[in-house]
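Hi,

Here is the structure I promised to pass on.

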Amino acid sequence: MVRLPVPRTVNSNSKLLSKKNHCLSLLKLSSSVKHVSQIHAQILVSGLQQDTNLLTELIRFCSLSPSKHLSYAHSLLYNSLDSLPPSWNFLIRGYASGDAPKNAIRVFHRMRKEGVGPNNFTFPFVLKACVTCLALEEGKQVHADIFKFGLDCDVYVNNNLVHLYGSCKRVWDACKVFDEMPVRSIVSWNSVITACVQNLWLGDAIWNFVKMKDFGFEPNETTMLIMLSLCAQIGNLSLGRWIHSQVIERGMTLNCQLGTALVDMYAKSGDLGYAKLVFDRMEKKNVWTWSAMILGLAQHGFGKEGLELFLKMKESVSICPNYVTFLGVLCACSHAGLVDEGFRYFYEMEHRHGIRPMVIHYGAMVDILGRAGNLEEAYNFLMDVPFQPDPILWRTLLSACSIHNANVSDGLVDKVRKKLLELEPRRSENFVIIANMYADAGMWETATNVRRTMRDGGLKKIGGESCIVLEGSIHQFFSGCSKDDHESIELLLDGLNLNMKMVNSL
């Protein structure tokens, strides 16, 4: 009997591939977790299950690919007898970028427990997870580990530390990390400016923006976006215009993101003419651009113009409105006194566009009804909302009652007053509104009793505040200033007076 030779498929490439390299090649070609599980089975059959390189590639795919399977990667890593830092880094990164950032912190703790040393690729993603969870205490422990492993000079790690402390409202710590950085990047400057803006350290934010050029760093688009958000937040038009001039001077392209930030800044700072000018010159606009312009018009009393722009958006472009768009639309209806249209848009928001109304949208509806004097309807609307109305909603309605001189002895005003004081019994603003309502109605004794209740409870009326912008600086004034404050104010007024005389003499 003659045994015939088994034919073999000759492939020049496969000859050079070992079983390990063949599995690595298959992993690179895989496109689903099902493929990975099949390759994993082949690895087990081939006796390569303890190969750290193969394990790392398996975990990388399961953690970072579009079809990620973190539980599978988790199981692979925790059941391995030996693993390299990259395997842990991939899993931490996968969790930190997903819906379960706390798991990234847990994996890091397990990594330390297993005696695997973290490196400069580990800490940024652990810190990112801490930011997402606002886990300050865990972040501090990670900061201590950064020192232990000698990575306190790593610029990428330090950038994430600045971001962590800024996000957790520890701006002093964020600035301390930044000041002690031996090496900085443009991201470092953007991170510390962001931390200052988020925590209302506005003077420090502006100072860092000015100083970065002295250290050899030119602001980039991200820097400009941060500074424009600051200007919009404080309504500093002169600073915003200067930032805009810097954008033009540096030849930055007016893309969708930068243009939207400019529209938002000009609108919130009250210069609707420039906001519209930037809006019209933008070649590409997204839903945020349209929303910023609509909301800006609405908030400054141009309700009908805001609604016209909303209709133009729906007719001329294929952009679906979002929750901010509808906030602008409802605000426009409020200023234009369009109650029926407000209810229609509120209904369309959820039932036509699938946008579930937020508390702020319910507040806008209360404002629409309150401004129109439909106080009873506004109260019934609040009683039917699918959640516990917060103090802001009740205060909006109480303010509407005050504006329309509602009868304070009326049952509605009394019910609103009781609801508000139940939720915020220690907020002086509530007592001031109520006392003023009684005073306007000529019920002086009752108004006095309300103020006495405030005084006996240790509550103080928040002082009035105003501000002016002079030569780029914001000067704030409070009622009840001390003598020293009066002297500085008088000096400032003398300077303004002199400046006006000089202008008039020209």
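Below is what I found, starting with how the values were made.

This is a predicted model, so local features need pLDDT of at least 70 and side-chain atom pairs count only at pLDDT 80 or more, while totals for chains, interfaces and linings use all residues. Residues are numbered from 1 along each chain as its sequence is written, and side-chain values use heavy atoms, with hydrogens and water left out.

Let's begin with α7. Helices here are DSSP runs (H or I, at least four residues), numbered from the N terminus. Pro101, Ala104, Ile105, Val107, Phe108 and Met111 are buried in α7 (buried means under 20% relative accessible area, exposed over 50%, partly exposed in between, with a 1.4 Å probe and protein chains only). Those buried residues fall within an arc of 160° seen down the axis, so they line one face of the helix; the arc is that of the directions from the helix axis to the C-beta atoms. Lys102 and Lys113 are exposed on the face turned away from the buried side. After α7 comes Gly115, with a positive phi near 80°.

Two residues other than glycine also have positive phi. Leu134, near 50°, sits in the loop between α8 (123–133) and α9 (136–148) and is exposed at 53%. Leu200, near 65°, sits in the loop between α12 (186–198) and α13 (202–214) and is exposed at 56%.

On to salt bridges (a side-chain nitrogen of Lys or Arg within 4 Å of a carboxyl oxygen of Asp or Glu): the count comes to 20. One of them pairs Asp145 with Lys148, closest N and O atoms 3.7 Å apart. Both lie in α9, three residues apart, about one turn of the helix. Asp145 is buried at 9%, whereas Lys148 is exposed at 62%.

Glu424 and Arg395 form another, at 2.6 Å from N to O. Glu424 lies in the loop between α25 (411–423) and α26 (428–440) and Arg395 in helix α24 (391–403), so the pair ties together parts 29 residues apart in sequence. Both residues are buried. Salt bridges with shared partners join Arg395, Glu424, Arg427 and Glu429 into one network.

Cheers
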